[in-house]
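The structure is shown first.

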Amino acid sequence: MILALSFHDDLHAIAVQHAVRARGEEFHILECDAVSGRPGLTWHLSGTSDGSGASAAVPTSEGRTVPPAQAEVLWWRRARADQQLTMSAAGSDGTGLGAQQVSLVNNDCRGALGGILAASFHGEWISPPEATDRASDKVYQLWVAQQAGFRVPRTLITQSRDEVVDFTREIGRVIVKPVVGARGPSLYTRWIEDPEALPAESFAVCPATYQEYVPGRHHIRLNCFGERMFAALIETEELDWRPDLNVPITRWPVPQDLARMVRTVLDRLGLPMGVIDLKLTPGGEPVWLEVNPQGQFLFLEPLTGEPLTEHFADYLITAGQLVPRGGAASSVR
């Protein structure tokens, strides 16, 4: 059995579910934002000292209930979404939940689901929650990539306009992007041409990431599924290729030496998989930009013809076959 933790109607999870089931394997989606109002989540721990009396069940997107202990693989795709609260969650006066009540529902649904999976699932995590959270820190992953031998952009994270001014004078062309980002519309990478013209207060509000501009028009989106890697070459003069995909996008064979370096970085981050953004200099040197532990890859299929959904389904199935099991059949009710 393969489980995927994601949000309601996640196209990536649904596409992979179809691909896995087409191979005759069992695959269920656990919707992290649909715990509230949906019975089925339960965990019971007896008083035995060895923990053998524990039992658990979690609800699937199809209204079934599955025991996580009987799964071989758990795809930790998306785990932090808030609950989709319905009218059934309205208060007794009909006005709905207050901010504190909403926070309680979100926190307890998220905590219960995550805790039950952590205590009850004993197979292969793709990827482990702790490693996923750690690797999502773009400051830390940039340092790890440099330690693994990648060229990385010279980077400054600061709230000081004076430091940004000095950095710009030293480096030349500088870009700015969020350290973490926020929910809602994407915040794209932008130029920062004249920091002295901006008020110091705008820098002091929160830190931002300032980096040297890496020249070139060849961007690489590299999908690493275990030991297999599938990359796309995106050709554009834009700083950030995401707003406009009406540019040349083709399959790009991953050189063996680059593959080894990528695998080294992911191993040090504790990630079995990852979606990596690189940029090639005019001389062809790959520059590490970032890794998304659970990045989007579905959009590349129609653009490159690479069957990434099928590749990822194969990867999950293979990961499950490597997990030693007692041979117990899964139980779905």
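## Contact between domain 1 and domain 3

In this predicted model, eleven residues of domain 1 are in contact with seven residues of domain 3. The two belong to a chain divided into domain 1 (2-126), domain 2 (154-212) and domain 3 (218-305). Taken over C-alpha atoms, the centres of domain 1 and domain 3 are separated by 31 Å.

The size of an interface is often given as the accessible area lost when the parts come together. For domain 1 and domain 3 the buried area is about 740 Å², with 59% of it on carbon and sulfur atoms. On the domain 1 side, 56% of the area buried against domain 3 is supplied by His 12, Arg 78 and Ile 126, more than by any other three residues.

## Polar and charged pairs at the interface

The count of salt bridges between domain 1 and domain 3 is zero. Polar contacts do occur: seven residue pairs across this interface meet the rule, with both residues at pLDDT 80 or more.

H1 gives the most, with four residues. By class, this side of domain 1 has seven nonpolar, one polar and three charged residues.

## Salt bridges

Side chains of opposite charge can pair when their charged atoms come close. The count for the model comes to 17 salt bridges. One of these joins the side chains of Arg 77 and Asp 10, at 2.4 Å from N to O. Arg 77 lies in the loop between E6 and helix H2 (99-120), and Asp 10 in the loop between strand E1 (2-6) and H1, so the pair ties together parts that are 67 residues apart in sequence.

## Backbone features

Which residues are joined by a cis peptide bond? The bond lies between Ile 126 and Ser 127, with omega of about 0°. Ile 126 is also among the three residues that supply 56% of the area domain 1 buries against domain 3. Ser 127 is in the loop between E7 and helix H3 (129-135).

Asp 9 is not a glycine, yet has a positive phi of about 60°.

## Database annotation

An unreviewed UniProt entry lists residues 142-317 as "domain: ATP-grasp". In the model this span is 29% helix and 28% strand, and its end C-alpha atoms lie 31 Å apart.

Definitions and conventions
Residues are numbered from 1 along each chain as its sequence is written. This is a predicted model: local features need pLDDT of at least 70, side-chain atom pairs count only at pLDDT 80 or more; totals for chains, interfaces and linings use all residues. Side-chain values use heavy atoms; hydrogens and water are left out. Domain bounds come from an automatic or database domain assignment. Contact means heavy atoms within 4.5 Å. Buried area is the accessible area (1.4 Å probe) that two parts lose on being put together, summed over both. A salt bridge is a side-chain nitrogen of Lys or Arg within 4 Å of a carboxyl oxygen of Asp or Glu. A polar contact is a pair of N or O atoms within 3.5 Å; within protein, one must be able to donate a hydrogen and the other to accept it, and residues adjacent in sequence count only if both atoms are side-chain atoms. Helices (H or I, at least four residues) and strands (E, at least two) are DSSP runs, numbered from the N terminus. Ala, Val, Leu, Ile, Met, Phe, Trp, Tyr, Cys and Pro count as nonpolar, Asp, Glu, Lys and Arg as charged, and the others, Gly among them, as polar. UniProt positions are given in the numbering used here, feature names are shortened, and annotations may be inferred rather than shown by experiment.
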